[in-house]
Amino acid sequence: MVEWTEQERTTITNIFTNLNYEDVGPKALCRCLIVYPWTQRYFGAFGNLYNAEAIMSNPNIAAHGITVLHGLDRAVKNMDNIKATYAELSVLHSEKLHVDPDNFKLLSDCLTIVIAAKLGKDFTPETQATFQKFLAVVVSALGRQYH
Amino acid sequence: MRRSQLVKTFWAQVSGKSEDIGSEALARMLIVYPQTKTYFAHWKDTSPNSANAKKHGITVMGGVADAVTKIDDLKAGLLSLSELHAFTLRVDPANFKILSHCILVVMANMFPEDFTPQVHVAMDKFLSALALALAEKYR
């Protein structure tokens with residue numbers, strides 16, 4: 001089981017309590033599709049992804065970015081049982097969406113960078129360490145049910 | 001804008017702060033990825049705010065700055081640095097990826113308006129190519 005200090009719990013809760021999902025979600029997903037273009041393979045039905053400008057103004061991508069970011073809420077609420085919390089979502093990503101689990105890490109790196117840009121001075125090295133630890137646990141849980 | 005031009009333009013914007021970027025990136029690396037401290041056991045103080053860490057961050061970033069000027073032939077330009085890392089320092093190349101990530105985080109953190117997705121992909125590609133050139137002499 002993953003151990004969390006009180007400080008780590010507070011850090012994560014604070015980040016998500018003050019999060020502007022409508023801003024950060026789309027930014028993170030767009031960045032992922034631009035920086036790692038092969039991730040676009042999963043978004044064939046989303047419309048125009050022809051270049052960075054098209055991606056950043058695509059409303060389907062923006063909406064999906066918000067959805068994905070809210071997907072992290074259940075981890076924030078269940079920090080002591082993230083593995084079980086994501087079992088169903090893991091099966092979904094594997095069996096139905098057929099997403100290569102490597103992509104979870106790519107998106108989480110982009111989310112880290114978007115949060116780093118947003119929080120400025122508040123994104124201390126310790127905060128970064130906690131945030132990356134949190135995302136790593138979620139990423140691991142999402143990949144758990146693949147076989 | 002061509003990728004290498006994006007890198008050069010962004011670098012010109014931020015190079016004034018390159019020492020801060022370097023120290024900050026190295027400090028974050030030591031904190032977020034504690035296993036990297038194993039390479040600095042010879043420092044009495046491996047804490048991220050130590051003089052050693054700050055100085056080393058500046059040194060490393062100087063290398064990155066130099067690489068920007070050699071962006072069109074990194075393999076040739078980084079030959080001696082590659083030999084240094086391969087034969088003397090023997091840093092596991094996996095760590096290049098780790099430090100690159102920290103550099104990108106610091107850039108986003110210090111220059112949120114300028115570190116657009118387009119700049120991000122250009123810098124990520126550049127740092128990957130840099131890492132590859134640095135690992136050239138390993139085997």
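Is Ser108(A) buried or exposed? Ser108(A) is buried, with a relative accessible area of 12%. Buried means under 20% relative accessible area, exposed over 50%, and partly exposed in between, using a 1.4 Å probe and protein chains only.

The model is predicted: local features need pLDDT of at least 70, side-chain atom pairs count only at pLDDT 80 or more, and totals for chains, interfaces and linings use all residues. Residues are numbered from 1 along each chain as its sequence is written, chains are lettered from A and ligands numbered from 1 in the order written, and side-chain values use heavy atoms, without hydrogens and water.

Start with the surroundings of Ser108(A). This residue lies in helix H8 of chain A. Helices are DSSP runs (H or I, at least four residues), numbered from the N terminus. A polar atom of the Ser108(A) side chain lies 3.2 Å from the backbone oxygen of Lys105(A). Ser108(A) also touches Leu135(A) and Val139(A), leaving aside residues up to four places away in sequence. Contact means heavy atoms within 4.5 Å.

Now turn to the two chains. Chain A brings 20 residues to the contact, and chain B brings 19 residues. The area buried between chain A and chain B is about 1700 Å², and carbon and sulfur atoms give 60% of that area. Buried area is the accessible area (1.4 Å probe) that two parts lose on being put together, summed over both. On the side of chain A that touches chain B, helices H2 (21–35), H3 (52–56), H8 (102–119) and H9 (125–143) of chain A each give two or more residues. The residues of that side divide into 11 nonpolar, 5 polar and 4 charged. Ala, Val, Leu, Ile, Met, Phe, Trp, Tyr, Cys and Pro count as nonpolar, Asp, Glu, Lys and Arg as charged, and the others, Gly among them, as polar.

Note on methods. A polar contact is a pair of N or O atoms within 3.5 Å; within protein, one must be able to donate a hydrogen and the other to accept it, and residues adjacent in sequence count only if both atoms are side-chain atoms.
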